[in-house]
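Welcome, and thanks for taking a look at this one with us.

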Amino acid sequence: MSDNTQDLIAQLRAIVGDAGLVTDADAQAPYLKDWLGKWQGRVTVVVRPADTAQTAEVVRLCHITHTPIVAQGGNTGMSGGGTPDDSGAQVILSTTRMNRIREVDPLNNTMTVDAGVILANAQQAAREADRYFPLSLGAEGSCTVGGNLATNAGGIAVLRFGNMRELALGLEVVLPDGRIWNGLRGLRKDNTGYDLRDLFIGSEGTLGVITGAVLKLFAQPHARATAWVGADTLEQLVELLARTRARCGERLVAFEMMSAASLALVLQHVADTRAPLAQPAAFNALIELADTEDGGLQAMLEDVLGQALEDGLVNDAMFCASQAQSAALWKLREGISQAQVRAGKVVKHDIALPISSLAAFTQAADAAIAGEDIPAEIINFGHLGDGNLHFNVMIPLSSTYEEVKHATAVFNRLVHDMVARMNGSISAEHGVGQLRRDELRHYKQPLEMELMLRIKQAFDPNLIMNPGKLL
Ligand code: FAD
Ligand code: MLT
Ligand code: ZN
């Protein structure tokens, strides 16, 4: 270890103490590899400040010493944004010790939290005040509010409540020079110039370290109705989505889609799961309605789906009679990520399209992939109600490094060119990180890239915040 490195670690220790430093190789290991196991890096040290003031001091020191910082929350990101490079010169700034619920304000319907609060704990704090924080995703037991903000996370309730950008009212951010921007305002209206908050949301740690946030709360939904349906085509599910929306309005909170292959993968690789329908369906949907009180929610869902059955729009439906049944269905949906990791090598795509184009895209992409001379199975699932497909392509577990590289290049180009032609996005909710950085340059308009680079330059002229990610 060089004198400079030893010096940096000593100065960091003076700021955060022994409890705030991770120097041991074994203890560092979980911070250095991402959840998918795709990226692995090295660091000088992992630093875990206890609060905003310590974070500001750490960042100021890194600013002075030109030390690159990778902010990290729960390390559940899907695009490699929170993994350091392999130079060993970067520092991971982990927010996991900053985990206080600072305030719940039921009159303003807001909650102010540290950025390192685990999403499930934020949901729980809202519940304890008889309020609801709606962001919900498979990683909610370990991802953090700061990571959700930095990736503008989506999940299963975007259809009704919006993604993280729509759920945040204010932010506190440590800027790349160590100054603290206090934007912790819980205002619903504030037209006093450029929206700095929205610049940090989705910035993936490239503009500053988010240390706190004011989040919107909603009324607690005390009643829910959940059902699973099977259909022959994606068009049919898109039509069902439109009907359900028209009939149920704001009560429709989730409309998730799983192809037969996605469901089969979960049934094979996730314990304690069973098929919900007697006959497998080409396309499945998990539909949930919610309301503050039960005004015939179940009857409404049965009515919409009963009509769809009668019209031949769906083949079969299963209605949940208990919380346990609903949990079992959600386990099938949320088990897909884990099942894919267990099953093999996956070329992931997280795309957004107008909902009306999803069926045409799927048909065309299915055919184009089948036309390639690469053995592949399509694992198509996602947030149908948001026009967001996880259109993943699984290749054999035995594929070599070179085969994976080739398949990734071929399928990414094929899928993303098609998405671009159909006016979609190549990253709907997982961000850019390292995964899509090079492709972004190809698909984003040059003017948009130029403006983003100028924003980066204005905030972080020394380029110390998460270098090599996003831009
Ligand atoms: P990390 O992985 O630690 O970091 C992600 C990025 O944010 C990195 O670029 C990092 O540098 C930056 N960052 C983290 N904290 C801060 C901070 N305080 N300030 C500045 N930058 C920061 N995503 C969805 O959108 N929808 C889903 O449905 C969904 N489901 C998932 C299911 C599973 C099983 C898993 C593993 C992931 C899923 N994700 C989903 C991915 C999702 O992006 C993350 O789970 C979550 O938003 C990231 O939070 P994190 O705290 O783990 O962030
Ligand atoms: C999901 O919706 O389950 C996710 O975003 C995770 C994934 O794509 O694996
Ligand atoms: Zn998703």
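Into which domains is the protein chain divided? In this predicted model, the chain is split into domain 1 (3-94), domain 2 (101-219), domain 3 (223-337) and domain 4 (345-430). Ligand 1 lies between domain 1 and domain 2, because both of them give residues to the shell around it.

**Domain 1 and domain 2**

- The C-alpha centres of domain 1 and domain 2 are 23 Å apart.
- Where the two meet, 15 residues of domain 1 are in contact with 21 residues of domain 2.
- On the domain 1 side of this contact, helix H3 (52-65) and strand S3 (69-72) are the elements that give two or more residues.
- Of these, H3 gives the most, with seven residues.
- Sorted by class, the domain 1 side has five nonpolar, eight polar and two charged residues.

**The annotated region**

- The unreviewed UniProt entry carries the annotation "domain: FAD-binding PCMH-type" for residues 39-220.
- Over residues 39-220, the chain is 24% helix and 24% strand.
- The C-alpha atoms at the ends of that stretch are 39 Å apart.

**The shell around ligand 1**

- Ligand 1 is surrounded by 37 residues, and the closest are Gly 73, Gly 81, Gly 146, Gly 147 and Gly 205.
- At least two residues of this shell come from each of S3, helix H5 (145-150) and strand S10 (209-216).
- H5 supplies the largest share, four residues.

**The shell around ligand 2**

- Around ligand 2 you will find Met 78, Gly 138, Ile 336, Ser 337 and His 390.
- This shell has two nonpolar and three polar residues, and no charged residues.

**A helix pair: H9 and H11**

- Helix H9 (residues 234-248) packs with helix H11 (residues 297-310) at an angle of about 145°, and their axes are 11 Å apart.
- The crossing in which H9 passes H11 is right-handed.
- H9 makes the contact through Leu 240, Arg 243, Thr 244, Arg 247 and Cys 248, while H11 brings Met 300, Val 304 and Ala 308.
- Taken by class, the contact of H9 with H11 has five nonpolar, one polar and two charged residues.

Methods. Residues are numbered from 1 along each chain as its sequence is written. Chains are lettered from A and ligands numbered from 1 in the order in which they are written. This is a predicted model: local features need pLDDT of at least 70, side-chain atom pairs count only at pLDDT 80 or more; totals for chains, interfaces and linings use all residues. A residue is near a molecule or strand if its C-beta atom, placed from the backbone, lies within 6 Å of it. Ala, Val, Leu, Ile, Met, Phe, Trp, Tyr, Cys and Pro count as nonpolar, Asp, Glu, Lys and Arg as charged, and the others, Gly among them, as polar. UniProt positions are given in the numbering used here, feature names are shortened, and annotations may be inferred rather than shown by experiment. Axes are lines fitted to C-alpha atoms, for helices over the stretch in contact, and angles run from 0 to 180 degrees between N-to-C directions. A crossing is left-handed if the near helix is turned anticlockwise from the far one by less than a right angle, and right-handed if clockwise. Two residues are in contact if their C-beta atoms, placed from the backbone, lie within 7 Å. Domain bounds come from an automatic or database domain assignment.
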